[in-house]
Amino acid sequence: MPHCRNCEGFVTENYVRVFAPQEMSSVRVCPNCEDKLRDGAEVREARSTRQN
């Protein structure tokens, strides 16, 4: 079962297929991660808190 490497949260296989680099079987960050976010191909610290 795929999971986020940052928060250990569940992610779907489709999410991994779209957002993970091809050599990885899980994602580095997911939409539930409040402290990090994707910035193109890189992962960076969030500059401000995200609100849903």
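Predicted model: local features only at pLDDT ≥ 70, side-chain atom pairs only at ≥ 80, totals over all residues.
Local features require pLDDT of at least 70 and side-chain atom pairs pLDDT 80 or more, whereas totals for chains, interfaces and linings use all residues. Residues are numbered from 1 along each chain as its sequence is written, and side-chain values use heavy atoms, with hydrogens and water left out.

**View 1. Backbone at Glu8.** Glu8 is not a glycine, yet has a positive phi of about 65°. The residue lies in the segment before α1 (13–19); helices (H or I, at least four residues) and strands (E, at least two) are DSSP runs, numbered from the N terminus. Glu8 is exposed, its relative accessible area being 55% (buried means under 20%, exposed over 50%, partly exposed in between; 1.4 Å probe, protein chains only).

**View 2. Surroundings of Ser26.** Ser26 occupies the loop between α1 and β1 (36–39) and is buried, at 4% relative accessible area. Its side chain forms a polar contact of 2.9 Å with the side chain of Arg5 (a pair of N or O atoms within 3.5 Å; within protein, one must be able to donate a hydrogen and the other to accept it, and residues adjacent in sequence count only if both atoms are side-chain atoms). Apart from neighbours within four places in sequence, Ser26 is in contact (heavy atoms within 4.5 Å) with His3, Arg5, Val16 and Ala20.

**View 3. The cysteines Cys4 and Cys33.** The closest cysteine sulfur to that of Cys4 belongs to Cys33, at 3.5 Å, too far for a bond. A disulfide is a pair of cysteine sulfur atoms within 2.5 Å, and the count by this rule is zero. Cys4 is buried at 0% relative accessibility, and Cys33 is buried at 2%.
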